[in-house]
Amino acid sequence: MFYKIFSYIWLLSFLLSGDIVKSEEFIPDVNLKDINKKKIKLIDTCKDSYVLFNFWNMACEPCKKEMKFLNEFHQKYNEFGFKVVSINMDSPRRMSKVKKYVKSSKYAFEVLQDPRMNLFKKMGGSIMPFVVIADNQGKIVNKHIGYNLGDEISLEEEIKLLISYKQDTTKSE
């Protein structure tokens with residue numbers, strides 16, 4: 001009980017801190033293609049799930065390091081209404097290398113393409129890796145820029161608090 005109360009207080013203080021996007025910012029209603037060229041409506045990926053959008057390209061080594069942890073989080077918390085959607089920003093000419101990398105890494109999450117970096121820029125990205133977390137309504141909850149070893153610990157805590165908050169509010173309704 002104490003842990004739960006402490007967690008909610010921590011989440012509330014975290015949500016009110018300067019690290020959180022203060023405006024009512026939402027995931028743009030755009031279509032992207034997955035790495036198999038199937039069209040995906042981005043906002044539809046948020047239905048019934050918290051979604052972590054991860055922007056990366058093949059030249060970004062910190063991105064690749066972070067993606068290993070993101071894949072673990074995707075698998076570990078998927079049954080709790082959380083998923084990762086990865087958005088690659090390499091040129092169409094490099095897509096065969098991207099597909100090979102994704103396949104060899106055995107990522108369980110969906111990988112979309114943003115070759116002109118339009119979505120990346122629209123969402124405020126300037127440095128990779130760039131992570132955007134949205135709720136099941138498409139509202140942006142948080143953004144993370146860059147990655148250093150150890151960042152995955154606080155990111156996982158944030159994910160656990162978000163899905164725990166979602167479960168508790170769903171049960172009480």
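Predicted model: local features only at pLDDT ≥ 70, side-chain atom pairs only at ≥ 80, totals over all residues.
1. Lys139 forms a salt bridge with Glu24, with the closest N and O atoms 3.0 Å apart. Lys139 sits in the loop between strand 6 and strand 7, and Glu24 in the loop between helix 1 and strand 1, so the pair ties together parts that are 115 residues apart in sequence. Glu24 itself is exposed, at 55% relative accessible area.

2. A second salt bridge joins Lys143 to Glu25, again with the closest N and O atoms 3.0 Å apart. Here strand 7 supplies Lys143 and the loop between helix 1 and strand 1 supplies Glu25, a separation of 118 residues. Lys143 is partly exposed at 22% relative accessibility, and Glu25 is partly exposed at 22% as well.

3. Now have a look at strand 6, residues 130–134, where 5 of 5 residues are buried. In a regular strand, side chains alternate between the two faces of the sheet. In strand 6, Phe130, Val132 and Ala134 lie on one side and Val131 and Ile133 on the other, and both faces are covered.

4. What are the neighbours of strand 6? Strand 3 (residues 50–56) runs antiparallel to strand 6 and is joined to it by 5 bridges; Asn54 has Val131 as its bridge partner. Strand 7 (residues 140–145) is also antiparallel to strand 6, again with 5 bridges, and Phe130 stands opposite Ile145. In the hairpin of strands 6 and 7, Gly138 takes a positive phi near 90 degrees.

Note on methods:
Residues numbered from 1 in each chain as written. Heavy atoms only, no water. Buried < 20%, exposed > 50% of the residue type's maximum accessible area, 1.4 Å probe, protein only. Helix = DSSP H or I, 4+ residues; strand = E, 2+ residues; numbered from the N terminus. Pairing = 2+ DSSP bridges. Salt bridge = Lys/Arg side-chain N within 4 Å of Asp/Glu carboxyl O.
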